[in-house]
Amino acid sequence: MSNSLSSTRTNLDVVKLGEYIGARIDGVQLGGHLDNETVTAINDALVTHKVIFFRGQHHLDDVSQFEFAQLLGTPTAPHPLLKGEGAILPIDSFGGTTANAWHTDVTFVDRVPKASLLRAIELPSFGGTTLWANTVTAYEQLPNPLARLAEELWAVHSNAFDYTQLDLTDSKQLEKYAELLQSAEFQEYIQTFNSTTYETQHPVVRVHPESGERSLLLGNFVQRIAEVKHSESRQLFQIFQERITRPENTIRWNWQLGDLAIWDNRATQHYGVSDFGNEHRRLHRITLAGDIPVSVKGEKSRVLQGDASAYSVIGEPRAVA
């Protein structure tokens, strides 16, 4: 796909922002009114660039954000565990939902979401950026022996917090977590998030249902690599996770009011940076239903615990133009 696209009804330009990830789309006013050609161009840009950004969408509200989301796929419930407003999940720093960790959304269920649409509502005067990483290039850049190893591995993902993931040598991380535990909002958030346990076994390498690309499916919901010792599991996880988050494989977005970001959850991880002190940051997220991941050998992910059918249907992949 070229870096400049046009529709018969919308002057739509795709501006590449990084070699491996990220593009800004100009010349389009988002909403439920868009024609099929424009929607296809946006979806193709998403699959190609993994995360796409729209500036100046001040006209959007929750209703029009939802109407636009429906053009790209089937919205899920806000979250399998957290409360939302209609299809909207508020990502609200006052409610404890700023994720200061690399993750792919909701990988603890079998039907990993296709994508999410995140709209800026209230922003701090400093900080509060979000980073995304390309899990496709992370796989493609693996040496052949590591790629073959990754293709054989499966990982157990769960929403249950694993305290062994805390780095006991990182005093800042421990101090931040101890501070969070003093917050009543965070305590309520953790209690809600752990009210039901979900566990799913996913292939470490999945095949993208639209592009056919292979990507690494990891992130902070991984509890363990299946069928290996705990110490070996952590080492294997770090080898592949560190490939994903190499700086050249990432993009950092400085939010402005009127911004909307869409990321391909099947080909990225992201990290909401909690570096804005006591200021308020609120964004509204709508998530689109995805398929059940498939390994390079054609094996589907397996549910170990929990039923996610009330959260999301199993989405049908779009055909790439």
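## Helices on the sheet

Let's start with helix α1 (residues 36-49), which lies across β1, β2 (23-26), β3 (51-54), β5 (115-122) and β13 (260-264) and runs at about 130 degrees to β3. Helices here are DSSP runs of H or I with at least four residues, strands are E runs of at least two, and both are numbered from the N terminus. Contact means heavy atoms within 4.5 Å. Axes are lines fitted to C-alpha atoms, for helices over the stretch in contact, and angles run from 0 to 180 degrees between N-to-C directions.

This is a predicted model, where local features need pLDDT of at least 70, side-chain atom pairs count only at pLDDT 80 or more, and totals for chains, interfaces and linings use all residues. Residues are numbered from 1 along each chain as its sequence is written, and side-chain values use heavy atoms, leaving out hydrogens and water.

Helix α2 (residues 62-72) lies across β5, β13 and β15, at about 30 degrees to β15.

## Where the helices meet

The axes of α1 and α2 are 9 Å apart, and the two helices pack at an angle of about 80 degrees. That makes α1 roughly perpendicular to α2 (65 to 115 degrees). On the α1 side, V39, I42 and N43 meet F68, L71 and L72 of α2.

## The sheet itself

Seven strands form an open sheet with mixed pairing, in the order β1-β2-β3-β13-β5-β15-β4; strands pair if DSSP finds at least two bridges between them. β1 (13-16) and β4 (89-92) are at the edges with a single partner strand each, so one side of each has no neighbour in the sheet.

β4 runs antiparallel to β15 (residues 282-288), joined by four bridges. Within β15, H284 stands opposite P90.

Technical notes:
Parallel < 35°, antiparallel > 145°, perpendicular 65-115°, else oblique.
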